[in-house]
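Reader: I'd like to go through this protein with you. Could you show it to me?

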Amino acid sequence: PQNVPQVDSLEENSMEEAADILLKLLDRAVQRRVMQAPMPKSQSPADTTVAVLFSGGIDSVVLAALSQRHVPIDQTIDLINVSFYKDADLGSKTAPTSPDRLAAILSYQEMRHRFPERKWRFVAVDVGYQEVLDHERHILNLISPLDSTMDYNIANAFWFAARGVGRILDLSEVEAVTSALESKEAVPTPSQEPLLRFAAKNNGSNGKGRLPCRREGCTRLAPQSGCIFRGVCKVCCGKLQGPISSYLGRSARLCHAHNGQKKAVVGKCQTSPSQATRSNKGSSITGTAYTSHALVLLSGVGADEQMAGYGRHRTTYQRGGYEALQQELRLEVNRLWTRNLGRDDRCLSDHGKEARFPYLDEDVMAYLEELHLEKKCDMTLPLGEGDKLVLRKVARKIGVMQCSTLQKRAVQFGSRIAKVSDKSRFGSCRQATGQRRILDL
C-alpha cells in the first residue's frame with residue numbers, strides 16, 4: 001500500500017486526524033473505482049455509468065457523497081434502494097415501507113440540498129414475495145454452496161438491487177415521507193418501535209419514560225413498566241418468551257407492553273413513521289418506471305467488519321473487552337473473501353454489472369488495520385454513535401448528517417426481505433435462524 005501513515009504515527013493521531021486520513025484514502029479509493037467507468041451499451045443520454053447500492057446508512061451515503069466528486073458533472077448518479085413486501089400489500093396501492101427505504105429517503109433529501117449541482121436519481125426497487133419465489137431456484141444456484149436462510153435473504157437483496165428494475169421516486173413522495181418523519185421524531189413507545197433508530201441523546205429526549213434494558217449485554221431502551229419481565233426491551237422480551245413459544249408450538253405473545261394491540265399515543269408521535277407515510281397521500285405508489293443500466297455498482301461491504309458496525313461486535317466487547325473485539329474483527333476480515341464476497345459478486349455480476357468495494361481498497365484496509373481500535377469504535381458510547389466512530393466523523397466532515405447517528409440494520413432486515421421470506425417459510429420471524437438451511441424447507 002502507498003501513502004499510508006506509519007504505524008508509530010497512528011497511535012498519536014487525534015480522532016480529527018484519523019478521520020481526515022480516512023477521508024483522504026476513501027476519496028482516492030472511490031475515485032479509482034468510478035473514473036473512466038464504461039458506458040452502458042445503449043449509450044442513451046439518460047443512462048448513467050455509476051450507481052450506488054443505497055441503503056441510506058452511513059456506509060452507502062459516504063460512498064455516494066464521495067462519488068459525486070469524481071463522476072462527470074453532466075452524468076446522473078443512480079441511488080438504488082430495494083424494499084420487499086407481501087403481495088397482499090400491493091392491493092392497497094401504497095408504496096412499500098422499510099427501514100432502509102425511509103433512511104434512504106432522508107439521506108437522499110439531504111444530499112439533494114447538500115450537493116445541488118449534482119443530478120441524483122433515486123431508483124426505488126419494490127419487490128413482491130411472489131417475484132422472489134419466481135427467481136428462487138436461480139438465486140440458490142448463484143450462492144451455492146451456501147444455503148442458509150441468511151445467505152439467501154442477503155442474496156435476494158443484492159440480486160434485485162443489481163437488476164435495477166424499479167421506479168424513479170417522485171419528489172412528492174420524498175417530501176411527504178421526509179415531512180412525516182421530521183414531524184414525528186420517531187419517538188418509541190412501549191408497544192411501538194420506530195422503523196428508524198438513531199443514537200440515544202444524552203438528555204434522554206428520545207427515550208422518555210424508558211431506561212436501558214436490564215438484561216446483561218443489552219444496550220436498548222426498555223419501558224419502565226408494563227413488561228412481564230420487568231424492565232427489558234422488546235427484543236429481549238421476545239427471547240425470554242422463546243421457550244414458552246417452543247412449548248406451545250406457536251408465538252406466546254404474553255407481554256401486554258410489547259405484544260399488545262398498538263394504541264394511539266398522545267403527543268407528537270401518535271403514529272409510527274411507517275404509519276404516517278401510509279396515511280399521507282404523497283406516499284402512494286408514484287414515479288416513472290425505470291431500469292438502471294449503470295455497469296459499475298458501488299457497495300459498502302467491508303465497513304462493518306473493519307469498524308465494528310454489527311450488533312454482535314458490541315456483544316463481543318461486553319464479554320471480552322477490546323482484546324476480544326480485535327480478534328473478532330480480524331477473523332471477520334480474514335474470512336470476508338470466502339464468506340461474503342463470492343456470494344455478493346455472483347449475485348451482482350449476474351446482470352452483467354461489476355461490483356466495486358471502496359472500503360476494501362488496499363490502502364483503506366491497511367490504514368484501518370493499523371489504526372487503534374478505540375478510534376475505529378468506542379463501545380462505551382450508544383448504538384449509532386460508538387460503532388464505526390471514525391466513519392461517522394468522516395460523514396460529518398463531508399456534510400451528510402442524517403446518516404451519522406443512524407443505527408445499523410443488516411441488509412436482510414433493513415430491506416424487509418427477512419421479514420417477508422421468513423414469515424412465509426417458518427410462520428414467524430422468531431422461528432427462523434440465520435443458519436437454517438433453505439433447502440430443508
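Reader: How many helices and strands does the protein have?
Author: Quick heads-up: this is a predicted model, where local features need pLDDT of at least 70, side-chain atom pairs count only at pLDDT 80 or more, and totals for chains, interfaces and linings use all residues. Residues are numbered from 1 along each chain as its sequence is written, and side-chain values use heavy atoms, with hydrogens and water left out. Helices (H or I, at least four residues) and strands (E, at least two) are DSSP runs, numbered from the N terminus. On that basis the count is 19 helices and nine strands.

Reader: What share of the 441 residues is buried?
Author: Buried means under 20% relative accessible area, exposed over 50%, and partly exposed in between, with a 1.4 Å probe and protein chains only. For the protein's 441 residues, the buried share is 53%.

Reader: Which residues of α6 are exposed?
Author: Helix α6 covers residues 136-143, and E136, I139, L140, L142 and I143 are buried there. Those fall within an arc of 155° seen down the axis (taking directions from the helix axis to the C-beta atoms), so they line one face of the helix. On the other side, the exposed ones are R137 and N141.

Reader: Which residues make the contact between α2 and α3?
Author: α2 (residues 15-34) and α3 (residues 58-67) pack at about 70°, axes 9 Å apart. That makes α2 roughly perpendicular to α3 (the class for 65 to 115 degrees). Counting heavy atoms within 4.5 Å as contact, the residues are L23, L26, D27, V30 and V34 of α2 and V62, L63, L66 and S67 of α3.

Technical notes
Axes fitted to C-alpha atoms, helices over the stretch in contact; angles between N-to-C directions. Parallel < 35°, antiparallel > 145°, perpendicular 65-115°, else oblique.
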